[in-house]
Amino acid sequence: MRIVKSRAARAITAAIAVGLIATGCSSERDNKSKGDGDKDTFVFAGAGDPGSLDPALASDGETFRVTRQAFEALLEHESGGTKLVGGLAETWSSNDEGTVWTFNLRKGVKFHDGETFNAAAVCANYDHWFNWKGTYQSSAVSYYWQTIMGGFAKNEDKETPKANYKSCTAKDEHTAVIEVKEPSANLPGGFSLQALAIHSPKALKEYEKQDASAKGDAITYPKYSQEAGTVAGTGPYKIVKWNKGNKEVSLERFDDYWGDKAKIKNLVFRTIDTEEGRRQALQAGDIDGYDLVAPADVKTLEEQGYVVPTRGVFNLFYVGMSQGANKALKKKEVRQAIAQAIDKENLVKTQLPEGGKVADQFMPDTIAGYSKNVTKYPFDTAKAKGLLKKAGEENLEIEFCYPTEVTRPYMPAPQDLFESMKADLEKAGIKVKPKAMKWAPDYIDATEAGSCALHMLGWTGDFNDGYNFIGTWFAGYDKQWGFKNDKVFDAVNAGSKLGKVEERVAAYEKANEAIMDYLPGVPISSSPPAIAFAKNVNPPNVSPLTQEVFAETSFK
Amino acid sequence: MSLLSVDELTVTFGGRGRKESRAVDGVSFEVDQGQVVGLVGESGCGKSVTSLALMGLLPHKGVKVGGRAEFDGTDLFTMSASARRDLRGSKMAMIFQDPLSSLNPVVPVGVQVTEILERHRRMKGEAARKEAAHLLDRVGIPDPTRRLKEYPHQLSGGMRQRALIAMAVACAPSLLIADEPTTALDVTIQAQILELLKELVDQEGTALLMITHDLGVVAGLCDQVNVLYAGKVVESAGRRELFAHPTHPYAHGLLGSIPRLDAPRGESLKPIRGSINDRIAWADGCAFAPRCDRYEMACLTGTPQLTEPRAAGHQARCVNPVLVDDAKAEEVPA
Amino acid sequence: MSVATKTDKIQRLAELTAVKETSTGASLWREAFRRLRRSKMAIIGAIVIAVFVVIAIVGPYLTPYAPTAQTWRGEVFPNRGQFVGPRGDNWFGLDHLGRDMFSRMLVGARQTLLVGVVSTLIGLAAGFLIGGVSGAFATLGGESGRRVDSVIMRFIDMMLALPSLLLAVSIAAVMGQSLTTVMIAVGVVQVPVFARLLRGAMLAQGGADYVLAAKSLGVRKRRIVISQIVPNSLSPVIVQATLSLATAIIEAAALSYLGLGNPDPAIPEWGVMLAQAQRFFDNAPMMAVYPAVGIIITALGFTLLGEAMREALDPKLRG
Amino acid sequence: MLRLVVRRLLQLIPTLLGLSVLLFLWLDRLPGGPASAILGEKATEAEVARINRALGLDQPVYVQYWRFLKRIVELDLGTSTQTGQPVWDEFVLRFPATVELSLLAILIAVAVGVPLGYFAARNRGGWLDVTAVSGSLVGICIPVFFLALILKGIFAVNLGIFPSYGRQDTGIDATSVTGFAVLDGVLTGEFDASWDAIMHLILPAVALASIPLAVIVRMTRASVLEVQDEDYVRTAEAKGLKRSVVRSRHVLRNAMLPVVTAVGLLTGSLLSGAVLTESVFSFGGIGSFIRTAIDARDYPVLVGFIMFIAMVYVLINLLVDLAYSLIDPRVRVH
């Protein structure tokens with residue numbers, strides 16, 4: 001022990017000495033970023049640690065970013081697009097009601113643990129989820145299963161939605177049939193979710209040995225989801241190590257992958273929680289790429305020669321209005337005045353990353369169901385003033401909440417956005433009472449409870465179905481909006497129960513028009529969350545759904 | 001020739017912006033081999049400063065030392081700093097007033113003794129420790145080997161002073177300067193310490209420069225006495241002579257102010273009026289004048305010179321000295 | 001001898017003795033003040049503070065533009081890293097929303113001063129109360145008093161055991177975000193410091209002779225504490241208060257960096273401005289530099305004065 | 001000595017109990033719960049209610065507190081709602097990082113601060129003194145996070161000498177024994193890992209050290225100045241000891257006493273400075289984790305971690321007192 005101590009001491013002193021000397025001479029570390037061809041490790045920085053290595057237990061992007069490299073679902077989105085394509089299922093079809101889904105599975109697919117992929121494996125997964133018990137039934141754990149497939153075989157909590165999943169049958173080695181009780185707008189899109197990605201049956205057996213519900217109250221994630229070794233999917237990479245202390249997950253190329261093998265042998269995800277931190281790490285050559293780039297940095301990085309591809313937009317940023325919190329909002333003129341007082345173009349021009357678009361309805365234009373002929377509310381301060389006068393609200397005073405300490409893909413710098421809009425509204429003669437809250441839980445709670453007259457929120461789509469957007473807001477009475485309007489609600493729900501996609505799309509367009517006619521809030525913009533790579537990287541196809549597949553990445 | 005001869009020593013504080021003040025103002029005196037000389041005066045008269053100046057312990061900044069001080073024939077003020085260091089603790093040593101604050105609280109007494117042996121007598125380890133024990137024993141500290149390991153706060157006041165003395169005499173110095181060595185101690189201890197000093201001085205033939213405000217101490221020890229007032233020697237004489245015939249009104253006053261058991265009934269003490277703060281600059285006249293019963297206009301005309309108004313070798317700095325023979329001569333302690 | 005001579009003898013004496021008597025017996029405070037006027041630190045500090053305070057008071061009325069008006073919105077593109085630096089009508093350039101930095105700095109000064117002063121006052125008041133009470137109990141409360149004191153001190157220890165920033169963050173979490181929150185959070189952090197300081201000083205005084213004297217004379221305890229002990233224990237507290245003004249301003253900035261600053265953008269505050277400017281450090285470093293320098297210099301001003309005061313009041317460090 | 005330790009450890013228990021009560025009362029006042037933190041935009045009232053019920057947060061505080069106590073008895077600190085892992089594991093995962101950081105910081109502060117302060121005092125008013133003092137004053141006034149960002153910008157991003165974030169380079173897959181990256185490297189002989197860990201530590205440590213450094217410099221300076229004109233230093237000089245001995249044994253040793261106490265308090269306070277530094281360098285320590293825990297209303301983590309920190313703080317102070325009593329014999333006795 002003594003020796004070790006003295007050694008350590010010496011090591012430290014030596015280090016400090018050298019460090020101090022080193023500060024004199026310039027960088028010998030830079031060339032690391034220039035990168036030589038045979039570099040075989042790609043380091044990508046996210047903003048937060050993944051929550052679990054089992055995507056089924058997760059509901060956050062940071063986790064999915066990692067698991068997506070190792071797990072595949074029945075369906076996938078086309079690389080860099082939003083179109084549904086075959087994943088582990090080559091083709092799929094459903095009956096007219098959309099309650100029976102038949103998947104023709106890919107052949108010759110192997111799991112990381114050597115198991116072969118087949119219909120039995122698929123059903124093993126769905127039944128595994130369907131039969132979840134205890135803490136697994138908490139929406140904190142199985143959020144996506146519950147949104148897509150409802151509840152479980154035996155619901156333990158009366159609040160849990162009733163199961164919509166009926167059964168999964170392996171018609172033959174390579175044909176799996178999944179039946180649901182009622183048609184849902186979440187299908188087939190839901191089949192593409194990481195949360196419903198297919199695990200090796202062998203691994204599943206291991207999972208089932210471990211229970212999520214530990215003693216006491218808390219939700220404890222099972223051991224297998226917290227360290228590499230057990231989890232096994234079919235993806236191009238396999239997870240080999242999760243070093244929590246160092247906030248790093250290491251993956252390694254899976255050589256028996258059915259498709260194009262990964263170009264780089266090692267893939268590492270690390271966590272750097274601040275925007276500046278990530279940018280500086282890239283500039284310092286410590287990482288090869290990072291996500292959630294601050295809009296301010298995009299141009300700068302490009303000028304410095306970094307690769308900053310632009311994603312398609314697949315999210316929506318809006319100003320919500322809680323009519324419960326301020327009676328004036330019940331008047332349409334007031335809502336309209338607010339809508340026209342805000343200079344959306346300016347926001348997009350100055351605040352949002354390149355490729356941002358002004359939104360005119362609660363759905364980005366990349367989604368099937370976007371309607372070209374909704375009522376528009378162009379920026380016009382004078383008109384806004386007039387409307388307020390008409391409503392007899394010339395000196396309207398209104399509370400406007402905004403979140404601090406957060407950047408969301410649709411909302412890069414909340415306070416800046418807020419300050420701009422505040423200025424706009426005040427130009428139109430509306431008094432704005434600012435209210436800043438921590439994103440979670442304060443802000444989320446406040447907006448959910450509808451206690452913020454005006455507030456900023458948004459949504460990033462999970463898959464290409466309009467209901468995934470408008471459904472989350474306008475399917476029925478919701479405190480956040482605080483209005484009842486059956487015209488809107490019916491229009492929105494009309495689509496959701498239709499089995500045929502085409503019919504649905506038509507219904508969504510009608511719904512959008514109904515919504516924008518009523519104008520429950522102000523859709524502001526859709527903006528692509530920027531992603532940046534080192535100078536020597538050929539980036540993967542960037543995806544509107546932020547579903548990059550890093551197997552496509554390579555070094556120049 | 002004398003061991004230490006101080007000639008027109010002046011010490012000036014301040015300068016560099018601050019207003020100058022002269023603490024020692026042309027003091028001259030001599031100390032012969034083995035002689036015990038007293039520097040007497042109330043606090044603030046410059047006696048301690050004199051001793052520090054001689055030891056070279058005054059701060060370097062903001063202090064000017066003038067005049068000459070020859071020790072063993074070499075001028076202390078012109079010799080190199082390192083030479084002075086070698087001298088200190090070996091040839092000339094010093095004992096300070098407050099034994100507690102003068103000892104390092106966090107270093108064992110033993111180390112504080114041995115370090116001086118190591119420095120000047122090139123002693124090491126066991127030998128040094130033995131010698132240290134011997135020294136402590138010599139200054140009358142019981143159970144020295146144990147004491148060596150102890151820390152100052154574990155010793156009694158008397159023992160601390162003894163320890164300091166042990167350090168001072170460790171290298172058998174030829175001159176020992178003692179600055180109020182007993183004031184911080186209670187009476188019984190005082191006597192013991194004085195005894196110890198006397199004995200050491202006699203045995204070793206060490207010269208002792210005794211700095212004190214306490215005439216009792218002087219009476220007990222000194223051969224030659226110099227009375228200081230406001231930075232100047234106002235009277236200088238042999239002990240007997242001084243006690244018999246204090247000539248300068250100040251010295252006279254001092255003696256008059258000592259309580260004496262054998263004083264005739266009804267004769268009350270005659271304390272000196274005022275304090276050393278109400279003085280006038282020597283340049284203008286006798287600094288003591290404001291407190292003096294005997295002053296004349298003459299006192300206020302320039303600095304009075306040292307003269308021998310009474311007997312040879314008995315100097316006094318006064319224009320109106322006390323010359324009437326009073327009857328104290330007989331009671332002078334032998 | 002003639003009367004005449006006698007009198008003019010005394011006359012002459014008087015003249016000669018009349019010299020010196022330089023401020024002996026001057027009170028600790030007058031002494032201290034004399035030394036303060038001599039120390040460069042104090043002078044510089046005082047000047048800095050004076051300037052800052054003046055700006056804080058009159059600044060907001062001198063702003064060339066409204067601090068919140070996004071007048072030049074069209075010229076600044078944060079999302080493309082395009083900013084506008086110092087120029088004719090905007091001496092400090094524009095911020096990321098096209099507002100005049102100079103005006104914002106001026107208005108910000110007042111907020112910063114406000115935060116510093118109020119939070120320090122909060123800390124001082126609370127700390128003074130706690131420290132005073134426990135000090136009083138410790139010095140004159142006897143056995144039981146000492147027990148009370150030790151309980152209070154346990155509590156203070158608890159507060160000290162919590163890292164100050166976390167304490168602040170958690171307070172902000174409970175109270176929600178507002179200027180008051182920032183002030184309280186920063187203030188509370190100071191409480192234990194003041195409490196301990198006052199108590200310590202009071203304990204030291206408690207042993208002093210004049211207190212024993214007063215006790216033996218049977219003066220009422222409350223009176224001893226109020227009229228003797230506390231006044232004599234003040235100096236370290238006052239020094240600390242000055243220093244705390246500096247730390248308060250810095251802590252406030254730290255809170256802003258953690259996103260807990262004053263939420264109302266209508267009232268710019270240096271800490272918040274600095275925190276916001278972080279994001280554009282590459283493209284517009286000056287946006288961060290102005291508030292940063294402002295904060296540093298102001299804090300320095302208070303620190304200098306505080307340190308000078310400490311030295312002036314502490315004879316040991318004199319010279 | 002032993003009694004002191006035991007008494008302090010016993011004192012710890014009521015402190016922690018009191019603290020835990022305060023914590024629960026505070027948590028009860030915290031608006032919102034972990035649910036919405038977990039779900040983000042996806043939160044709906046029903047979901048939030050369900051999760052809170054699952055976590056037993058629907059019960060009144062005292063019930064929750066009672067459960068907490070029961071768990072504590074079983075040495076179970078509960079589970080983080082953020083990561084779904086046992087609080088203890090999370091602590092073990094992050095504590096070493098902060099400890100390494102704080103230790104190196106305080107090490108730098110002492111290693112640089114003490115000599116600097118010492119020499120500043122030695123040639124008081126000299127250029128070194130002036131620079132040291134003014135430097136330390138400025139040091140206190142620079143917001144830590146700003147300094148950290150500047151350092152990072154220069155040495156990590158522009159010069160690329162140090163890594164810009166984290167505890168270890170990617171791909172250095174160091175075997176973890178104790179969790180202390182540096183130590184582990186040494187234990188397992190993976191010195192490259194130690195080295196790497198150290199490189200990652202330096203920048204944050206320097207930033208974190210700024211304030212302690214400033215404090216220590218000024219403290220050392222003041223206390224050396226004070227000790228320099230203590231009587232015992234004069235005694236040492238009077239002994240003619242070598243300068244080096246006087247300075248090391250008599251000046252420095254005494255001057256260090258107050259500094260030691262300061263170091264202890266500073267080390268405790270470093271944890272809070274760490275919150276900022278850790279988040280700037282995304283250095284996964286407890287500071288930043290507690291911060292996120294507050295946002296995420298991660299009650300178990302908050303309670304657990306804060307109690308740990310309190311405990312560590314008390315222990316550090318205990319250590320300081322022990323160290324103190326080692327260098328100051330006066331304390332040792334009583």
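**Entry 1: two helices of chain C**

I began with a pair of helices in chain C and noted that H9(C) and H11(C) are roughly antiparallel to each other. The model I am reading is a predicted one. I then looked up the geometry behind this description. Helix H9 of chain C covers residues 221-257, helix H11 of chain C covers residues 285-313, and the two pack at an angle of about 165 degrees. Because angles over 145 degrees count as roughly antiparallel, the description follows. The axes of the two helices lie 9 Å apart. I also recorded that H9(C) passes H11(C) in a left-handed crossing.

Which residues of H9(C) and H11(C) meet? On the side of H9(C) I listed several, among them C:Val239, C:Leu243, C:Ala246 and C:Ile250. On the side of H11(C) the list includes C:Ile295, C:Phe302, C:Gly306 and C:Arg310. By class, I noted 13 nonpolar, five polar and one charged residues in the contact of H9(C) with H11(C).

**Entry 2: domains of chain A**

I next consulted the domain assignment of chain A. Domain 1 is made of 38-69 + 234-310 + 529-555, domain 2 spans 71-201, and domain 3 spans 313-524. Taken over C-alpha atoms, the centres of domain 1 and domain 2 of chain A are separated by 26 Å. In chain A, 22 residues of domain 1 are in contact with 23 residues of domain 2. I sorted the residues on the domain 1 side of this contact into eleven nonpolar, seven polar and four charged.

**Entry 3: which chains touch**

Which chains share the most contacts? Of the five pairs of chains in contact, I found that chains A and D share the most. Chain A and chain B, by contrast, are joined by no contact, and their closest C-alpha atoms lie 28 Å apart.

Chain B does meet chain D: 25 residues of chain B are in contact with 20 residues of chain D. Helix H2 (81-87) and helix H3 (109-121) of chain B each supply at least two residues of the side that touches chain D. The largest share of that side, four residues, comes from H3(B). I counted its residues by class as twelve nonpolar, seven polar and six charged.

**Entry 4: confidence in chain B**

Finally, I checked the confidence values. Chain B has a mean pLDDT of 83, and 92% of its residues reach 70 or more. Over residues 327-334 of chain B, however, pLDDT stays under 50. The model has eight contacts beyond four places in sequence for residues 327-334 of chain B.

Notes: Residues numbered from 1 in each chain as written. Chains lettered and ligands numbered in written order. Predicted model: local features only at pLDDT ≥ 70, side-chain atom pairs only at ≥ 80, totals over all residues. Contact = placed C-beta atoms within 7 Å. Nonpolar A, V, L, I, M, F, W, Y, C, P; charged D, E, K, R; others polar. Domains from an automatic or database assignment. Axes fitted to C-alpha atoms, helices over the stretch in contact; angles between N-to-C directions. Parallel < 35°, antiparallel > 145°, perpendicular 65-115°, else oblique. Left-handed = near helix turned anticlockwise from the far one by under 90°. pLDDT = per-residue confidence, 0-100.
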